[in-house]
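Subject: Structure for your files

Hello,

Here is the structure I said I would pass on. My notes follow below it.

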Amino acid sequence: METRYPITPTWRDVRRAIELAKHDDLRIVGQATINGVRVFAIPSRSQQGTVHLPYVDAVAQRVICDCPGFQYRGVCAHTMVVTRHLVNEAQGVISAMRGQPAPTLNVPLGG
Ligand SMILES: [Zn+2]
């Protein structure tokens with residue numbers, strides 16, 4: 001199935017997705033890495049007992065979701081929950097690196 005969704009969501013839709021995620025207190029209830037792709041399970045807002053499965057598309061460098069809202073707007077509450085999780089994860093890595101020597105660059109920086 002070919003997936004079509006807006007490449008660039010509007011900021012209005014992004015803000016609304018964040019508000020909905022907060023309002024419904026959406027949380028990640030499961031996650032797995034399948035063929036190198038990180039997939040998350042987040043409860044559906046409209047259908048009790050079902051989950052949506054946003055995943056990290058490393059090539060597109062974005063989080064993709066299977067819900068109707070994402071197909072229509074290119075963003076949804078589920079992708080915002082996963083994005084927040086990934087940001088927190090990255091912050092944890094940065095915190096862990098504090099106080100340690102910077103990693104050696106093997107590739108010369110152009111300039
Ligand atoms: Zn979604």
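A term to settle before the notes: a residue is called buried if 20 or more other C-beta atoms lie within 10 Å of its own, exposed if 12 or fewer do, and partly exposed in between, with the C-beta atoms placed from the backbone. This is a predicted model, in which local features need pLDDT of at least 70 and side-chain atom pairs count only at pLDDT 80 or more, while totals for chains, interfaces and linings use all residues. Residues are numbered from 1 along each chain as its sequence is written.

Overall layout

The protein has three helices and five strands, and along the sequence they follow the pattern α-β-β-β-β-β-α-α. Helices (H or I, at least four residues) and strands (E, at least two) are DSSP runs, numbered from the N terminus. Of the 111 residues in the protein, 20% are buried. Two residues are in contact if their C-beta atoms, placed from the backbone, lie within 7 Å. Among contacts between residues at least 6 apart in sequence, 41% join residues at least 24 apart.

Strands

Two strands pair if DSSP finds at least two bridges between them. Strand 1 (residues 30–34) and strand 2 (residues 37–43) run antiparallel and are joined by five bridges; A32 stands opposite V39 of strand 2. The two strands form a hairpin with two residues between them, and N35 in the turn has a positive phi of about 50°. Strand 2 also pairs with strand 3 (residues 51–52), again in the antiparallel sense, over two bridges. There, P43 has V51 of strand 3 as its bridge partner.

I64 lies in strand 5. It counts as buried because it has 20 C-beta neighbours inside 10 Å. Leaving out residues up to four places away in sequence, I64 touches P54, Y55 and D57. I64 and P54 are ten residues apart along the chain, with 5.3 Å between their C-alpha atoms.

Helices

Helix 1 (residues 11–23) packs against helix 3 (residues 77–97) at an angle of about 80°, with the axes 8 Å apart. Axes here are lines fitted to C-alpha atoms, for helices over the stretch in contact, and angles run from 0 to 180 degrees between N-to-C directions. Helix 1 and helix 3 are therefore roughly perpendicular, the word used for 65 to 115 degrees (under 35 is roughly parallel, over 145 roughly antiparallel, and the rest oblique). Helix 1 contributes A17, I18, L20 and A21 to the contact, and helix 3 contributes A77, M80 and V81. Seven of the contact residues are nonpolar, none polar and none charged. For this count, Ala, Val, Leu, Ile, Met, Phe, Trp, Tyr, Cys and Pro are nonpolar, Asp, Glu, Lys and Arg are charged, and the others, Gly among them, are polar.

In helix 3, A77, H78, T79, M80, V81 and V82 are buried. The buried residues of helix 3 pack against helix 1, strand 2, strand 3, strand 5 (62–64) and helix 2 (68–73). T83 lies in helix 3 too, but counts as partly exposed because it has 19 C-beta neighbours inside 10 Å. T83 and V63 are 20 residues apart in sequence, and 7.2 Å apart in space from C-alpha to C-alpha. After helix 3 comes G99, with a positive phi near 85°.

Regards
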